[in-house]
Amino acid sequence: MVNDSADFGVDTLLDVRNVKIHYPIHGGVFLRRIGEVKAVDGVSFTVKPGETLGLVGESGCGKTTMGKGVIRLVDVTDGEILFRRKNGDVVDLVGLERQAMRPVRAEIQMIFQDPYSSLNPRWSVGDIIAEPLSVHSPDMKRAERDEQVAWLLEKVGLTGEQADRYPHEFSGGQRQRVGIARALATRPRMVIADEPVSALDVSIQAQVVNLMQDLQEEFGLTYLFIAHDLSIVEHISHRIAVMYLGNIVEIGPARTLYEEPVHPYTRALLSAVPLPDPSLERPERMVLKGEVPSPLAKPSGCPFRTRCPLAEPSCAEEMPVLQAVAMDHEVACPIVLRKG
Amino acid sequence: MSRDDRQKLLELRDLRTYFDVEGRTAKAVDGVSFDIYTNEVFGLVGESGSGKSVTSLSIMRLIPNPPGRIESGEIRFRGQNLLDLSFAEMRKIRGNDISMIFQEPMTALNPVFTIGYQLREGIRYHSKCSKAEAEDRATEMLDLVGIPDPRRRLKDYPHQFSGGMRQRAMIAMALSMEPGLLIADEPTTALDVTIQAQILELMLKVREKTGDASILLITHDLAVVAETCDRVAVMYGGKIQEISEVKALFKTPLHPYTQGLLSSLPRPDKQKKTRLDTIPGIVPSIMSMPPGCKFAARCPIAEPRCERDEPELREITPGRFCRCHLVDGKGGGRAW
Ligand SMILES: Nc1ncnc2c1ncn2[C@@H]1O[C@H](COP(=O)(O)OP(=O)(O)O)[C@@H](O)[C@H]1O
Ligand SMILES: Nc1ncnc2c1ncn2[C@@H]1O[C@H](COP(=O)(O)OP(=O)(O)O)[C@@H](O)[C@H]1O
Ligand SMILES: [Mg+2]
Ligand SMILES: [Mg+2]
């Protein structure tokens, strides 16, 4: 594919094309580069405006790296990340200089898993939320900024008076609300949410998930929702991409993926999810052998073959590519596709 | 077998474990009572800070003092009150009768000794046998928990194992003593679902092969309870709010808190809800617990007396206990 905004559909907000993000590994006495972790290794997907794309997979498969790559918190080794700006321009985020990236940053924000370490403990909550405003709208008057902060706090279910308080005075769920308010300060089009509810208690998770859905509706937000809890991802996402060792192995509508998973990894992942209903007669669990191999010793061909119940010798030869199995549903496994 | 024929292995009676924090008393465990029968998997479920770990550490008599102390209560194991035992006697119980696995296995494994050494020591402490016999038994245990090439892996140090493998090694270690009771405190919380499924299955399988220990499984995850436990206690604010057979709990949760928890879970296996039900508010701080029902401030059906008077844990129907003024076993106390 070429970097040509002509084939960038009008109904696309983000188009990630064959992105690779490799971390160099340094070692030895002179800390020379001795290898690389192929954390993201040829990932492609698109996200439509107003949509939530869920990104799931076991830890270490590259979800966070992919999310950080989109806002360039890590260097992208190869590929393109096309993004449609508010003004209609399509930009390739990979090629952008730091200066040119800054205004785009305002349109793509990130919220993090850990509501404890992602907020500066010495800053008041008001200052934390106002910080992106001072970066992106430096001319904004103090009074206007305070007004914005109060408005944002109320939008996330807190009160304007809480702007003077410090993070330690808030519970985990409230801190995550502060993180969301900060992300919304610049009125982004897209929010990358990296495990936003994983650290929260069950009774608080539902509150934050509902809040994110309300805000999506009100502001027309687009989410890349990264999580390892498949039940929550299924609930909040329109489509889901399943990652394994740096690659997407299946992508499709959330309901389809949940009800009719095709890739053996997706099937295994879903069958491992416990359900809160002891009266369910569940089909025999598909227990995967072993663990995810280290990305430093990524198997040749299909990276999942070492744990795959369907693996054949041919799987060691070639890296499978995503192929359509239905409208909007793609799977990277020639074996299931052949067997039907 | 009816309930009363079964033998009680562990009986907790009105256990209170307090911490002195900045000149005040934090009642982390505040009058907890439950029984664990022989041969059962008993779940203790609750949100963070509800007092689950302090309960389990109290049973093991591992509460750090200061700042903590077991204020009162009884912990009867096979009829004997563990709180009456000397430290030496208690150490013997921990080596032989009650073993524990933790969320983070590195806290229990000693980083300077090989896995094999630690397994062998445990085995030899428990059953006087030769070094070679202990080595064989250790190999067998590692094999049983699904670690490939077990004889060679015995020579590894804990840091050479992945998180999932360490958890397996810890299960091997805990069950090699053939304990009567295995306490597992969030054994899979740090692991991926695929590994969690392996570990839970393994724990139940290995238990069967090593003398049918009862298990006290501590978790915040109701789905894990649904899939592994026979009976369950729901904890909130340092107190048990409900005790029930697992099937009954999920079918008709009695306590408004349990009802709220269950209905706030996404259920991908069911018709999709556009919005999740939520429990309003936040978990109260242990330093400022309300005098009445600990859940009253978040309960949609709370009455004035709920804020004022702490309800008793009452047996509502045979085998089902609930701490709520409004629950009567005839549909009263429906909140969600
Ligand atoms: N800064 C880094 N340097 C080297 N390796 C890294 C770095 N960050 C992440 N990795 C490695 O990249 C892989 C993917 O990590 P990550 O994106 O955090 O996965 P996930 O979010 O799915 O758990 C892992 O093997 C991880 O150890
Ligand atoms: N060593 C300690 N010192 C002070 N407070 C403690 C200590 N250990 C636990 N607590 C308090 O006891 C309460 C219950 O904790 P815990 O049993 O660990 O909860 P959980 O249900 O998450 O396992 C918490 O409020 C915690 O802060
Ligand atoms: Mg991550
Ligand atoms: Mg705990």
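**Ligand shells in chains A and B**

Ligand 1 is surrounded by A:Tyr23, A:Val37, A:Ala39, A:Glu58, A:Ser59, A:Gly60, A:Cys61, A:Gly62, A:Lys63, A:Thr64, A:Thr65 and A:Pro295 (a heavy atom within 4 Å). The model is predicted, with local features needing pLDDT of at least 70 and side-chain atom pairs pLDDT 80 or more, while totals for chains, interfaces and linings use all residues. Residues are numbered from 1 along each chain as written, chains are lettered from A and ligands numbered from 1 in written order, and side-chain values use heavy atoms, without hydrogens and water.

**Ligand 1**
- Oxygen atoms of ligand 1 lie 2.5 Å from a polar side-chain atom of A:Thr65, 2.8 Å from a side-chain N or O atom of A:Thr64 and 3.0 Å from a backbone N or O atom of A:Gly62.

**Ligand 2**
- The shell of ligand 2 holds 13 residues, the closest being B:Gly49, B:Gly51, B:Lys52, B:Ser53 and B:Val54.
- Polar backbone atoms lie 2.8 Å from a ligand 2 oxygen in B:Gly49, 3.0 Å in B:Gly51 and 3.2 Å in B:Ser50.
- Of the 560 Å² of accessible area that ligand 2 has on its own, the protein covers 67%.
- Helix 1 of chain B gives the most to the shell around ligand 2, three residues.

Definitions and conventions. Polar contact = N/O pair within 3.5 Å; in protein donor to acceptor, adjacent residues only side chain to side chain. Areas by Shrake-Rupley, 256 points an atom, 1.4 Å probe, with all protein chains shown as cover. Helix = DSSP H or I, 4+ residues; strand = E, 2+ residues; numbered from the N terminus.
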